[in-house]
Amino acid sequence: FMALSNTLETLQRTRLASPIRAGLSRFVAGAIVYYNNVYAQDADDDDSQAEEDADLEEVVVTGFASSLRSAQAIKESSDVVVDSITAEDIGALPDRSVTEALQRIPGVSINRFSAGRDPDHFSVEGSGLVIRGLTYVKSEINGRESFTANNGRGLSFADIPAELLAGVDVYKSLTADRLEGGISGTVNLRTRKPFDSQENIFAFSAEATYSDFIEETSPRATVLGSYRWDTSVGEFGVLGSLTYSQVQSRADKFQISNFAPRTLYESGDVVPAGDDDMPVKDVWFPRGAVMGSQEFDRERYGYAASIQWSSPDDNMEATAEFLRSDAREAWTEHTMEIATDVVADQGDSRAIPGTTFTFGNNDIFESGYITAPVGWRSDQWNAPPAGQRTPIQALQGQNIYRAVDQKFVTDDYSLKFKWFLGNEWA
């Protein structure tokens, strides 16, 4: 700016021709005006930026990478093989129970049937848990052994709302300091506590799921609040959480009953057409078929509360916790079952006259029209005359209705006190 001003004064004193001097003076004067405008605009921008910086609050963005690092840190610092899921992971997954959240961990599988020996009934949320293909999984809540009254030492994880947890740890190997009981591994559920966060928290979530088969809408809602404050006797923290969820579904099925060994004859039937109908090979033949529909309705209430206190010098800490899961499960089933009997080589089921059965490469029944002989009863076989086929008669059928109504309540109360006596006691 000073250089442009000196140049303008020199031009005004020079002896150059008037038009040239006038043109150069106008050029330099325009440059001075342009510089002034730019400088003033930059100054205004700097002042505005300074004002914005003064009013700008700190914004901290935390993504799911932090939860992954937390789970990785637990795995890295542990002396055993352990995998963990944090609260952020649980909330990011479409899982409605701890059982479904656990299936995300490598080596953990869940049972999709109501029981391991009941493949006829589906389980909407999973019913069992195995680690590396083994059962006898030990369950803990905050490091304390917990179980459900279901003929075992394990906890029914499907009854625990995932929203009440801060994380889940799955220990796949055991150490001497852990209690016995988990042959395949141990699952530890960690509940939320007010001292888990440095800030006060209030969170609320709600959603609804529409099931098109049953044409019903199932709601789900969770509310959580956590508050902590300092006093002259130490710091206090209070946390409370409430969750409600409902699941309504319908499952339709068409299945073949268990297979039994039969003998296939040259006529293509599993019953000889006459004395000259010679056996060909042994085959596997179904004992019947089932067609049905099952409606499922589950309501679950979850309650959690926690109170914590820490001394002013941070060498003592007390924690009181309460956890309750109240689940009500009901399902109804309507089925039509065609049951047949197989006694050695003489079963009630056979091919309709004029048709034959088809068997696969493994000698397992694939297709065919099945009927029963006239005069068949479960305790009697009326064989036809030699060389004659039995007339067509329908197989026996059963219309079955079953209803199950259950209630599962899991309570956990705990009081924990920690006192750090100092390094001289170590």
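1. A cavity is here a set of points, on a 1 Å grid over the protein atoms alone, where a 1.4 Å probe fits but cannot get out, and its volume is the space filled by probe spheres set on the points, with grid points joined across faces, edges and corners. By that definition, the largest cavity in this predicted model has a volume of about 80 Å³, and a search of the whole structure finds 2 cavities of 30 Å³ or more.

2. Some conventions apply throughout. The model is predicted, so local features need pLDDT of at least 70 and side-chain atom pairs count only at pLDDT 80 or more, whereas totals for chains, interfaces and linings use all residues. Residues are numbered from 1 along each chain as its sequence is written, and side-chain values use heavy atoms, with hydrogens and water left out.

3. The largest cavity is lined by 14 residues, of which Thr191, Arg192, Ala304, Glu321 and Phe322 are the closest to its centre; a lining residue has an atom within 4 Å of a point. Strand 12 (234-256), strand 15 (288-310) and strand 16 (316-339) each give two or more residues to this lining, strands being DSSP runs of E with at least two residues and helices runs of H or I with at least four, numbered from the N terminus. By class, the lining has 7 nonpolar, 4 polar and 3 charged residues, where Ala, Val, Leu, Ile, Met, Phe, Trp, Tyr, Cys and Pro count as nonpolar, Asp, Glu, Lys and Arg as charged, and the others, Gly among them, as polar.

4. For the protein chain as a whole, the secondary structure comes to 5 helices and 23 strands. Of its 426 residues, 35% count as buried, a term that means under 20% relative accessible area, with exposed over 50% and partly exposed in between (1.4 Å probe, protein chains only). Among the contacts (heavy atoms within 4.5 Å) with a separation of 6 or more, 65% are between residues 24 or more positions apart.

5. Strand 12 also holds glutamine 246, which is buried with a relative accessible area of 11%. Its side chain makes a polar contact of 3.3 Å with the side chain of aspartate 297; such a contact is a pair of N or O atoms within 3.5 Å, of which, within protein, one must be able to donate a hydrogen and the other to accept it, and residues adjacent in sequence count only if both atoms are side-chain atoms.

6. The search for aromatic pairs finds 9 in the whole structure, the rings of Phe, Tyr and Trp (its six-membered ring) being paired if their centres lie within 6.5 Å, and the planes counting as stacked under 30 degrees, edge-to-face over 60 and tilted for the rest. Tyrosine 244 and tyrosine 301 form a tilted pair, 5.0 Å centre to centre with 50° between the planes. Because tyrosine 244 lies in strand 12 and tyrosine 301 in strand 15, this pair ties together parts that are 57 residues apart in sequence.

7. Phe285, Phe357, Phe359 and Phe365 form one aromatic cluster, in which phenylalanine 357 and phenylalanine 359 are both buried. Leucine 264, in strand 13 (residues 259-265), is in contact with Phe359, as well as with other residues including Val283.

8. Two backbone angles deserve a look. Glutamate 215, in the loop between strand 10 (201-211) and strand 11 (216-231), has a positive phi of about 60° although it is not a glycine, and at 59% relative accessibility it counts as exposed. Aspartate 363 likewise has a positive phi of about 60°, but at 22% relative accessibility it counts as partly exposed.

How values were computed: On a 1 Å grid over the protein atoms alone, a cavity is a set of points where a 1.4 Å probe fits but cannot get out, and a pocket is an open set with protein on both sides within 12 Å along at least five of seven lines; lining residues have an atom within 4 Å of a point. Lists of a residue's contacts leave out its neighbours within four places in sequence.
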